[in-house]
Amino acid sequence: MQHFEEMKKFLLKIGLFLCFLLIIDQTVGAYFDSIPKKIHKGGVGRENYISNELKDSILILGSSRAWEHYDAQMIMDSLGFTCYNCAEGGRGIINHYARLKMVMERYKPQLIIYEVTPFLDMLMGESNSRCLFGLKPFYDRKGIDSIFWDIDPYEKYKMMSNLYRGNSKFLRNLFVYLTDRDTSIGVRGFSPKRCMFDSLKTQKGIDRMYDCNYDYNYDEVRMKYLSLFIEKANNTNLLLVVSPLWYGQDSKVLEPVKEICRMKNVRLFDYSNDKRFVHNNELFADGLHLNLKGAEEFTRMLIKDLRNLKGKHGKFLFK
Amino acid sequence: MIYNSFNFLILFPLLFMGYYVIPVRFQKARNLFLLAVSYGLYLNWKPVYALILLLVTAVTYCVAILLERTERRKLIIWVGGAISVLPLLFFKYFNFINETVYGLLSSVGLRYELQGLNWAIPVGISFYTFQALGYLMDVYYKRIDAEKDFLTYTLFVSFFPSIMAGPINKSSLVIPQLKAIRLYFDYEKAVEGLKFILWGMFMKVVVADRAAIYVDTIFPNYGSYSGLTCFVASLHYTIQIYADFAGYSLMALGVGKTLGFELTENFRRPYFAVSVTDFWRRWHISLSIWLRDYVYIPLGGSRCHKILNYWNIFITFLISGIWHGANWTFIAWGILHGMAQIIEKMLGLQKCEGGAVMKTIRILVTFMIINIAWIFFRMPSITDALSMIGCVFDFNQPVSLFLDYKQNLPYTLIGFALLLAKDFRDEFYPQRLKLMNSEKTVVRWATYLFLMTTILLTGVFGDDQFIYAAF
């Protein structure tokens, strides 16, 4: 009998512990969860701006190669249309699809430019959970939660916790919110690499590049989200781009996306093997990223081609 | 069972309730329930490998009984032991042996290659094989009687809290608990168990998995980073492997305790060791005891000529290295530890008789030796390990340090600081500043809630965390 009483006491105490935890989750957790929404500067402020306020005509999305290669101010000045660089490093197509979804809930841009990065957007590689990074503050937005569940079904339960939503971000968010110090967003979202060519890093990365003929392993989930992205963005005008690489690139890796482009009548500009750029140390910071000079050269080149780009209606977009 | 998984949060309460719903007078039914759960969880990984587990269990069970009935004990123990170890050798070491032999034959111009295996290694095979072998040898040395009840013995070998990653329990510890008339519910033990699970989860999820993010960024690309960065990464790995393994062991002990069982303590603040010899009394204690009782002492231990004693230490740690993995790096790691202990023995440095300053120096020196040795453990090849160590000690390069100070570093420091504070207190001031064991309820509960909140806010729960370094 005594042991039954002890078991009862044990279970009651666990219940009480969970109640206290729930209170902390709903108070402390809710406070940490609310902070990102109040930040208007720096990386988090930029995310909020893109998801809640942005209304630019031309949007650039993609990985760090988009972030560091596309000078949005130059595009805006040349073409006369507002332009914002919404790219974000290391995230991949699933993340960019979510961000595009949030933008297009509010308005339809004139043109969406997406920088295709095969090893983040198409090929099998690191876990797709990485793409959820930075999306937690927007979990409650329409259609974003289903992306989480698609990648990891347990996110449905984990995201019930406010403390979990602030996981690994609360310190930085608190710091930025209280000190108002983060200014790392560049001009119109463009953040170029202002450094010299790193030959050691480039040499080390050479075996990461797919410049030989072999069968590529495509990630089903990533390809699905690439198709969804193209479908969503194709409601307006969409342009897929592969900006220059120091290494050059085996064009075979892009075959699946070329096929989608053919089916959906989407343009793909592939500059990855442009002779002016390949192995040109003056224009690159490393094997994958242009430096400031390279980004300016590339943007000028892109602008020239954009002037000849026709929209869905068959007319030139920028003439 | 992976204790830091979402499944554990759902499954464990169900197991707990299922076990305690069975009245205490149905002892056998309770054991049967635990056995069904143990095998059920094992089958969930890969059903066919449960047969390997059952094979090792059946062989050691039969051999133990035979040992008590036969005169030819030495022959039986050798044959029985060899059969029990065969699955471990086959699944874990076949490819390694195959590649090594092929390499040796190739070097003398003979090219004969056997097809490698593309099979996964059965989960926990190193642990349960050693656990079963340990039992067999205890019966052989007449330390215990052979267990006649097959169900009890099967449960001992497959006991789910410790099958996946230890501890390697002694049969003399666990089997009597399985056979004894247990209390319906031991409140104190269950509470202790939950504390173990909580702290173990903290170590694993907040400290180990956080450190792993940095380690997994630097180690595979060590050539792209400075020596200082490589050194800091090695420190991260040293903490990671301790927090990971010790955290997991603690959770296993905690799960056992909540069900009323005492399992073997496996870690005792190893990085406060004053020598490598002392380290092995604090690190993976269950394996150290196993190696001492079934390898070192049967070889002669220290009750022999000095040179033979050094040889016994060398062989013991060679086996330790081999047990840890099928790669020359693990063997090198084991040999390094063996050699360090031999040198300590030669110089009489196993213990530290000096004051606080000398003790601190000895702790730091031992920590550095262990830290460098872990590089072999982590790297895929000896060449890479030596190369990284060379990088660490190359003082001609510019001093630069890569740290993700905006994102990862603050949480890493929180975890490291709390772990260091607790271990320091446990080691040097065990009676002071009791938080989880405070007499005041408010202090205890505040600590539990603080830890749980910290786990939720700073723990790593999936693959969504990474350092934006390469891209």
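Analyst: Let's begin with B:Asp209 and B:Lys204, whose side chains meet in a salt bridge with an N to O distance of 2.9 Å (the rule asks for a side-chain nitrogen of Lys or Arg within 4 Å of a carboxyl oxygen of Asp or Glu). Both partners are buried: B:Asp209 has a relative accessible area of 15%, and B:Lys204 has 10% (buried is under 20%, exposed over 50%, partly exposed in between, with a 1.4 Å probe and protein chains only).

A word on the ground rules: this is a predicted model, in which local features need pLDDT of at least 70 and side-chain atom pairs count only at pLDDT 80 or more, while totals for chains, interfaces and linings use all residues. Residues are numbered from 1 along each chain as its sequence is written, chains are lettered from A and ligands numbered from 1 in the order in which they are written, and side-chain values use heavy atoms, leaving out hydrogens and water.

Back to the charges. Over all chains, the salt-bridge count comes to 38. One of them joins B:Lys179 to B:Glu147, at 2.8 Å from N to O. Here B:Lys179 belongs to helix α8 (residues 171-179) of chain B and B:Glu147 to the loop between α5 (125-140) and α6 (150-158), so this bridge ties together parts that are 32 residues apart in sequence (helices are DSSP runs of H or I with at least four residues, strands are runs of E with at least two, and both are numbered from the N terminus).

Another bridge stays inside one helix. B:Asp426 and B:Lys422 both lie in α17 of chain B, four residues apart, about one turn of the helix, and their side chains meet at 2.7 Å, N to O. B:Asp426 is buried, with a relative accessible area of 16%, and B:Lys422 is partly exposed, with 26%. In chain A, by contrast, there is a network: A:Arg46, A:Glu47, A:Glu88, A:Arg91 and A:Arg99 are joined by salt bridges that share partners.

Lysines also turn up over aromatic rings. A:Lys9 lies over the face of B:Tyr187, 4.3 Å from the ring centre, and the charged end of A:Lys136 sits over the ring of A:Tyr164, at 4.3 Å from its centre (NZ of Lys or CZ of Arg has to be within 6 Å of the ring centre and within 35 degrees of the ring normal).

In total, 39 residues of chain B are in contact with 50 residues of chain A (heavy atoms within 4.5 Å). The buried area is about 4,100 Å², with carbon and sulfur atoms giving 70% of it (the accessible area, by a 1.4 Å probe, that two parts lose on being put together, summed over both). On the side of chain B that touches chain A, the elements giving two or more residues are α1, α9 (187-218), α17 (409-428) and α18 (441-458). The largest share, nine residues, comes from α18(B).

Finally, the rings. The whole structure holds 74 aromatic pairs over all chains. B:Phe8 and B:Phe12 make a stacked one, 5.4 Å centre to centre with 20 degrees between the planes (rings of Phe, Tyr and Trp, its six-membered ring, pair with centres within 6.5 Å; planes under 30 degrees apart are stacked, over 60 edge-to-face, the rest tilted). They are four residues apart in helix α1 (residues 6-21) of chain B, so about one helical turn separates them. B:Phe8 is buried at 4%, and B:Phe12 at 9%. The rings of B:Tyr19 and B:Tyr20 are edge-to-face instead, because their planes are at 80 degrees, with centres 5.0 Å apart.
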